[in-house]
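Hi,

Here is the structure I promised to pass on.

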Amino acid sequence: QVQLVESGGGLRQPGGSLRLSCAASGRTFSNYAAGWFRQAPGKERDFVATISWNGGRTYYADSVKGRFTISRDNAKNSVYLQMNSLKPEDTAVYYCAARRDYRTGAYYTAVDDFDYWGQGTQVTVSS
């Protein structure tokens, strides 16, 4: 089992920045790929970004490419999402997720690809 706890959400004006953190515990985190998803009210949970076990490969949704950056620090068992140039449409609950990374080179982007989830952190972008 892997336990995930997100933090860093909050309220920002459009154009602002925010950094989300996800702290993992329970297993050797460097064996796991990680991802960020978001869910707006009344909508499905959508993929945002994913990162491989060692941080060597990342992949982003088109809607956040060039604005968001996913990173990880396995020594701290943590994954981060740096969000810049925030837009009102980025408003959502953001979830951290993890799954075993078998080092096949695959990108994991679907909700069903991930086995472990955090409780979510609210991000609101509004003037």
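**Salt bridges**

The side chains of K65 and D62 come together in a salt bridge, 3.1 Å from N to O. By salt bridge I mean a side-chain nitrogen of Lys or Arg within 4 Å of a carboxyl oxygen of Asp or Glu. K65 is partly exposed, with a relative accessible area of 46%, while D62 is exposed at 65%. (Buried is under 20% relative accessible area, exposed is over 50%, and partly exposed is in between, using a 1.4 Å probe and protein chains only.)

Before going further, some background: this is a predicted model, where local features need pLDDT of at least 70 and side-chain atom pairs count only at pLDDT 80 or more, while totals for chains, interfaces and linings use all residues. Residues are numbered from 1 along each chain as its sequence is written, and side-chain values use heavy atoms, with hydrogens and water left out.

The salt bridge count comes to 3. One of them joins R38 and D90, with the closest N and O atoms 2.9 Å apart. R38 is in strand β4 (residues 32–39) and D90 in the loop between β8 and β9, so this pair ties together parts 52 residues apart in sequence. Both R38 and D90 are buried.

D90 also forms a salt bridge with R67, and here the closest N and O atoms are 2.7 Å apart. R67 sits in the loop between β6 (58–60) and β7, so this pair links parts that are 23 residues apart in sequence. D90 and R67 are both buried. Through shared partners, R38, R67 and D90 form one network.

**The sheet**

What is the strand order in the open sheet of 4 strands? The order is β1-β3-β8-β7, with antiparallel pairing. Strands here are DSSP runs of E, at least two residues long, numbered from the N terminus, and two of them pair if DSSP finds at least two bridges between them. β1 (3–7) and β7 (68–73) are at the edges with a single partner strand each, so one side of each has no neighbour in the sheet. From one strand to the next, the twist averages 15°, with axes fitted to C-alpha atoms and angles running from 0 to 180 degrees between N-to-C directions.

β7 and β8 (residues 78–83) run antiparallel and are joined by 6 bridges. T69 has Q82 in β8 as its bridge partner.

**Around V93**

V93 belongs to strand β9 (residues 92–100). Its C-alpha atom is 8.4 Å from that of F37, although V93 and F37 are 56 residues apart along the chain.

Cheers
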